Amino acid sequence: MKKFRNGSDNIAGYVTILVKGTAPELFFQKCASEGIRVWDVKKNDKESCEGNIRLSDIKKMKTIRRKTIYKVSFIGRNGYPFLISRFFRKKPLVIGLIFSFLLFLLLSNIIWEVKITGVPKDIEEKIDKQLTSYGVHPGAWLFSLKTPTEIQQKLIEDIPELLWAGVDQKGTTFYLEGVEKIIVQEADPKQPRNLVASKKGVITKMYVSKGTPMVKVNDYVEPGDILVSGSLQNIEESNSEEKDEEEKQVVEHIAAEAEITANTWYEVSLTVPLEYNYEQLTGNVEKKFYLKTGNFQLPIWGFKEPPYEDIHREITENKLNFLKWELPVSIIETVLSEKQYIAEERTKEEAIEAGIEQAVIKLKQELGPDAKILSEKVLHETIERGKVKLSLYVSVEENIVKLAPINQGD
Amino acid sequence: MGKWQQRFRSLLTEQFSLPSDVILEMPRITIIGHIHFYIENHQGLATYSENELKLKVNKGYVQIKGSSFVLKMMLPKEILLEGTISEVKFLMN
């Protein structure tokens with residue numbers, strides 16, 4: 001025997017019909033022979049009979065009824081379709097449910113808390129202020145924020161006291177962990193060391209605070225030459241009483257300390273094109289917003305393509321959240337800025353000037369802020385296929401001290 | 001001719017042990033105790049009430065008597081009856 005009742009009746013919905021007339025059971029028989037599934041047929045009395053049929057069979061049943069003289073009335077509606085429609089008929093409930101869902105959506109996309117840990121109170125306040133200026137504060141929209149890494153970078157840039165900041169977003173809370181820069185105390189008893197030259201050059205200035213100087217101003221040094229020695233030749237006169245036992249040890253090693261600047265030089269070769277292009281933003285900006293699910297993007301703001309010839313697009317995607325889950329929906333903000341391509345030509349002199357400028361900037365980046373560029377000379381220049389080939393000689397004044405620990409060999 | 005057909009059919013069932021309900025166009029009735037009555041291959045419902053169900057079959061009628069009958073299911077050629085069954089009768093015409 002098969003199963004006669006199944007859950008699909010409930011899902012599709014079914015109705016209880018009451019048939020009136022003489023021999024009402026014959027109506028059900030007719031229905032059954034037409035292929036309508038009929039169940040739970042009960043005879044109430046001689047002239048009336050009730051039974052269940054599927055919601056989808058009602059049409060068929062009505063065409064059968066038209067050919068007969070029975071009176072059919074619906075006395076029960078069962079199954080999910082009716083449940084659902086009954087539910088939707090209660091408008092306030094439905095509206096309330098939709099509102100509560102929207103409220104949830106709204107609230108789970110708002111920052112509720114910004115937690116700052118790991119830093120003292122005053123810096124915490126500073127960070128808090130900075131974060132507020134970035135738009136990170138309780139009550140701000142989550143999708144209008146930059147990514148945690150961006151915030152992290154900005155924070156470190158803007159607050160010099162911060163060594164490191166970890167920004168983490170967990171649901172509606174922003175966790176910020178900071179590490180304060182601590183001025184490191186001079187390392188305890190320093191290792192004995194010499195100071196050696198890191199580059200070749202001519203010494204221009206010397207200031208030795210500890211150690212024996214081995215070179216003089218205007219000396220030429222090669223990399224590796226000892227500038228200041230950490231070995232002191234002690235003469236055992238003043239403290240002979242104390243060092244009686246260690247009389248043999250004449251040489252004392254200390255950590256040499258000095259500031260030595262030298263004139264160094266660099267040869268830089270580079271090519272500068274005579275014709276050059278660059279892009280420039282004109283300042284005209286338009287914004288567009290899209291709602292994105294999967295590969296589909298629905299524009300919600302800014303429908304027109306701006307009348308710019310060349311466009312620089314900046315796209316930021318922000319995920320929407322529901323409670324702690326990320327929805328597969330995200331808001332995309334596209335910033336369209338008008339840009340211009342500019343092509344220019346310059347003379348050989350201008351190109352050389354630009355080349356020198358470039359070289360100087362590059363050198364400064366490499367050498368650090370302490371280096372001072374004294375002069376730059378063009379050693380050689382040729383024009384080849386619209387490009388100027390330059391060979392530059394740059395002299396720089398910089399600190400050439402390198403630490404070299406002394407191996408005492410125990 | 002009808003008689004010949006009949007004899008041929010019963011021969012088929014006897015010789016080739018084919019199911020008799022299919023060959024002879026007879027109803028297959030399954031009764032579970034006195035509570036369920038399941039009939040396949042009937043040819044229509046004649047009367048139905050709380051105490052009686054009469055179904056047309058190949059040659060005549062099947063009459064079921066009892067009390068508190070409910071037709072649990074009706075399909076084109078099948079009926080499942082639930083209730084308290086007291087007798088099943090074959091009425092030949």
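**Stop 1: a pair of strands in chain A**

Start by selecting β18(A) and strand β19 (residues 325-345) of chain A: they pair in the antiparallel sense over 12 bridges. Keep in mind as you click around that this is a predicted model.

**Stop 2: β1 and its two partners**

Next, select strand β1 (residues 14-20) of chain A. One partner is strand β3 (residues 48-54) of chain A, which runs antiparallel to β1(A) and is joined to it by 7 bridges. Along this pairing, find V15(A), which stands opposite I53(A) in β3(A).

The other partner to show is strand β4 (residues 71-78) of chain A. Here, too, the strands run antiparallel, and 7 bridges join β4(A) to β1(A). Look for L18(A), with S73(A) of β4(A) opposite.

**Stop 3**

Click on W39(A), which lies in strand β2 of chain A. Is W39(A) buried or exposed? It has 21 C-beta neighbours inside 10 Å, so W39(A) counts as buried.

Now show chain B. In β5(B), M73(B) is the bridge partner of W39(A). Their strands, β2 (residues 38-45) of chain A and β5(B), run antiparallel and are joined by 4 bridges.

Let's take in the whole meeting place of the two chains. Here 15 residues of chain B are in contact with 16 residues of chain A. On the chain B side, the elements giving two or more residues are β3 (45-48) and β5 (60-75). Which one gives the most? That is β5(B), with 6 residues.

**Stop 4**

Select helix α2 (residues 25-33) of chain A. Its buried residues are E25(A), F27(A), F28(A), Q29(A), C31(A) and A32(A). What do the buried residues of α2(A) pack against? In chain A they meet β1, β2, β3 and α3 (58-66), and in chain B they meet β3 and β5. Then step just past the end of α2(A) to G35(A), which takes a positive phi of about 100°.

**Stop 3: two crossing helices**

For the last stop, show helix α6 (residues 121-134) and helix α7 (residues 148-158), both of chain A. Their axes come within 11 Å and cross at roughly 130°. An angle over 145 would count as roughly antiparallel, and 65 to 115 as roughly perpendicular; α6(A) and α7(A) are therefore oblique to each other. The crossing of α6(A) and α7(A) is right-handed.

Show the side chains where they touch: I127(A), Q130(A) and Y134(A) of α6(A) meet I151(A), K154(A), L155(A) and D158(A) of α7(A). By class, that contact has 4 nonpolar, 1 polar and 2 charged residues.

Conventions. Residues numbered from 1 in each chain as written. Chains lettered and ligands numbered in written order. Predicted model: local features only at pLDDT ≥ 70, side-chain atom pairs only at ≥ 80, totals over all residues. Axes fitted to C-alpha atoms, helices over the stretch in contact; angles between N-to-C directions. Parallel < 35°, antiparallel > 145°, perpendicular 65-115°, else oblique. Left-handed = near helix turned anticlockwise from the far one by under 90°. Contact = placed C-beta atoms within 7 Å. Nonpolar A, V, L, I, M, F, W, Y, C, P; charged D, E, K, R; others polar. Pairing = 2+ DSSP bridges. Buried ≥ 20, exposed ≤ 12 C-beta atoms within 10 Å, placed from the backbone.
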